[in-house]
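Work through the exercises below with the model open. Try each task before you read its solution.

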Amino acid sequence: QTAFPDCTVICAGNVESGVPEQPVGLKQTEQGARNRVQKAREIHPSATIWVGIENGLVIRHEEGSAASSEYLTDQWEDLACIIVLSAHDSLPSESVIWSDRLPVPSESMRNLQFVDGIPQSNWSPLKDPHSVVTKGDRPRAVFLSDAI
């Protein structure tokens, strides 16, 4: 609602992203956001703006890198891909936006189990680990609204 103050916001609910629970790499993270925005459009076809969001893990400064348990645990960062589809003539039909990156604490990555390079759970069980990591300075909602 903050990003689109002149619009009525209807939440499509928690729709499946079609990617692993903890996406790794830019491609997988973007695909999750893309799947969510398409599902939102299917659920609410008469809307004029649809938004899909997916957070994922990436290796610091290695765009599009794949996961591997061989990487150093202190190199991981969390970021969100936000895809906005619009039916408004005055807006682009599609925008792909990336949030700022949040360094993931090494301890969180050490506790994460990988199978064939795929994390078997999210790096944090918390609903808003961004708030905890930044000591309340930047909750996840702020990362997302700053990006949009």
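**Exercise 1. Locate tryptophan 76 and decide whether it is buried or exposed.**

Step 1. Tryptophan 76 is found in strand 2, residues 76-86. Helices (H or I, at least four residues) and strands (E, at least two) are DSSP runs, numbered from the N terminus.

Step 2. Its relative accessibility is 2%, so tryptophan 76 counts as buried. Buried means under 20% relative accessible area, exposed over 50%, and partly exposed in between (1.4 Å probe, protein chains only).

Step 3. Tryptophan 76 and valine 24 are 52 residues apart in sequence, yet their C-alpha atoms are 9.8 Å apart in space.

A note on the source: this is a predicted model, where local features need pLDDT of at least 70, side-chain atom pairs count only at pLDDT 80 or more, and totals for chains, interfaces and linings use all residues. Residues are numbered from 1 along each chain as its sequence is written, and side-chain values use heavy atoms, with hydrogens and water left out.

**Exercise 2. Find the residues of the largest nonpolar core.**

Step 1. Apply the criterion: a nonpolar core is a set of buried Ala, Val, Leu, Ile, Met, Phe, Trp, Tyr and Cys residues joined through side-chain atoms within 4.5 Å.

Step 2. The largest core has ten residues: Val24, Leu57, Ile59, Trp76, Leu102, Val104, Met109, Leu112, Trp123 and Phe143.

**Exercise 3. Describe the surroundings of glutamine 22.**

Step 1. Glutamine 22 sits in the segment before helix 1 (26-43).

Step 2. Glutamine 22 counts as buried because its relative accessibility is 3%.

Step 3. List its contacts (heavy atoms within 4.5 Å). Not counting residues up to four places away in sequence, glutamine 22 touches Gln28, Asn55, Gly56, Leu57, Pro119, Ser121, Asn122 and Trp123.

Step 4. The glutamine 22 side chain reaches the backbone nitrogen of tryptophan 123 at 3.1 Å. A polar contact is a pair of N or O atoms within 3.5 Å; within protein, one must be able to donate a hydrogen and the other to accept it, and residues adjacent in sequence count only if both atoms are side-chain atoms.

**Exercise 4. Which rings have an arginine over them?**

Step 1. The charged end of arginine 41 sits over the ring of tryptophan 50, 4.5 Å from the centre.

Step 2. Arginine 138 lies over the face of phenylalanine 143, 4.0 Å from the ring centre.

**Exercise 5. Contrast threonine 134 with lysine 135.**

Step 1. Threonine 134 is found in the loop between helix 3 (129-133) and helix 4 (140-147). Lysine 135 lies in the loop between helix 3 and helix 4.

Step 2. Threonine 134 has a relative accessible area of 18%, so it is buried. Lysine 135 is exposed because its value is 74%.

Step 3. Leaving aside neighbours within four places in sequence, threonine 134 is in contact with Leu102, Pro139 and Phe143.

Step 4. Check the backbone. Lysine 135 has a positive phi of about 55°, although it is not a glycine. Most residues other than glycine have a negative phi.

**Exercise 6. How many helices and strands does the protein have, and in what pattern?**

Step 1. Count four helices and six strands.

Step 2. Along the sequence, the pattern reads α-β-β-β-β-α-β-β-α-α.

Step 3. Buried residues make up 36% of the 148 residues.

Step 4. Among contacts with a separation of 6 or more, 58% come from residues 24 or more positions apart.

Conventions
A charge sits over a ring if NZ of Lys or CZ of Arg is within 6 Å of the ring centre and within 35 degrees of the ring normal.
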